[in-house]
Amino acid sequence: MIAPPGAGKGTQGALIAAHFDMPHIATGELLRDHVARQTALGQTVQEYLDRGELVPDRIVLDMLREAMAAAKAAGGGFVLDGIPRNMRQAHAAYLIGRELGMVANVALHLQADDAELMRRLLARAALDHRSDDTREVIAQRLTLYHEVTSPILAWYRDRGILVSVDAMRSAHQVGREVLTALEAMRPLLDHVPEWMRVPVDLTGLEDAFGAIRAAGAPD
Ligand code: AMP
């Protein structure tokens with residue numbers, strides 16, 4: 001999953017993992033767990049998390065390798081949430097997958113605008129007390145997403161595995177669309193080689209249906 005903070009990676013990642021019965025590998029969760037347990041790694045990464053900066057690639061890539069090896073042992077499916085966060089991690093994740101004989105079938109992009117993301121994260125701050133959910137740190141995380149993470153999307157688009165979904169709606173609506181899109185892709189994934197695939201952009205669906213209705217077509 002490639003998505004800005006607040007777009008619903010955690011919620012949708014858990015939903016996809018439960019639906020397809022596969023592990024949900026969330027690097028942010030793994031890192032926060034180390035911080036909460038005050039492990040040596042937790043002490044190293046805490047400052048990065050508090051400032052909304054990316055922790056060094058080596059740390060998250062070691063986590064990823066371990067989690068993907070475990071996912072392979074458990075059956076082979078996996079949902080990645082929070083990684084890759086930059087181009088270097090995207091390439092490294094690809095190489096780890098290739099080494100383990102695991103490929104990414106879908107890159108799921110959750111799209112939402114910054115004002116909505118800021119609103120959601122400030123609302124979450126009131127409930128969760130995450131150290132990085134302050135207005136200033138959220139702004140830093142959004143900037144980092146636009147500058148460093150979102151360029152990865154082009155790479156997945158070129159590989160034909162990008163599925164973009166409008167995440168400006170309720171978690172329930174987004175979840176339904178995500179699962180429908182992923183289920184519809186199953187036969188394609190089984191039969192069409194990666195080089196023949198095309199990206200799927202569902203972000204204009206609402207607009208398109210609105211236009212059809214406005215033109216008088218039945219719902
Ligand atoms: P998240 O829960 O995905 O929003 O991640 C929370 C924080 O964990 C981020 O702001 C980063 O400090 C750190 N983090 C999570 N995943 C990564 C990653 N792939 N690379 C570097 N830092 C990460």
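This section describes a helix, a strand with its pairing partners, and the surroundings of a ligand in a predicted model.

The model is predicted, with local features requiring pLDDT of at least 70 and side-chain atom pairs counted only at pLDDT 80 or more, whereas totals for chains, interfaces and linings use all residues. Residues are numbered from 1 along each chain as its sequence is written, and side-chain values use heavy atoms, with hydrogens and water left out.

Helix H1 comprises 12 residues (9-20) and extends 16 Å from its first C-alpha to its last, close to the 16 Å expected at 1.5 Å a residue; the expected span is 1.5 Å times one less than the number of residues. Helices (H or I, at least four residues) and strands (E, at least two) are DSSP runs numbered from the N terminus. The buried residues of H1 are Lys 9, Gln 12, Gly 13, Ile 16, Ala 17 and Phe 20. They cover an arc of only 135° around the axis, which places them on the same side of H1; the arc is that of the directions from the helix axis to the C-beta atoms. Buried denotes under 20% relative accessible area, exposed over 50%, and partly exposed in between (1.4 Å probe, protein chains only). The buried residues of H1 pack against strands S1 (24-26), S2 (79-81) and S3 (107-111) and against helix H9 (171-191), where contact means heavy atoms within 4.5 Å. Asp 21, which follows H1, has a positive phi, near 50°.

Strand S4 (residues 162-166) is largely enclosed by the rest of the structure, because 5 of its 5 residues are buried. Leu 162, Ser 164 and Asp 166 lie on one side of S4, and Val 163 and Val 165 on the other. S4 pairs with S3 in the parallel sense over 5 bridges, pairing requiring at least two bridges found by DSSP. Ser 164 of S4 is the bridge partner of His 109. Strand S5 (residues 200-201) runs parallel to S4 and is joined to it by 2 bridges; here, Asp 201 of S5 is the bridge partner of Ser 164.

Of the 18 residues around the ligand, Thr 27, Arg 32, Glu 53, Gly 82 and Gln 89 come nearest, a residue being near if one of its heavy atoms lies within 4 Å. A polar side-chain atom of Arg 32 lies 3.0 Å from a ligand oxygen atom, and a side-chain N or O atom of Gln 89 is 2.9 Å from a ligand nitrogen atom. Thr 27, located in helix H2 (residues 27-36), counts as buried at 4% relative accessibility.

Methods. A polar contact is a pair of N or O atoms within 3.5 Å; within protein, one must be able to donate a hydrogen and the other to accept it, and residues adjacent in sequence count only if both atoms are side-chain atoms.
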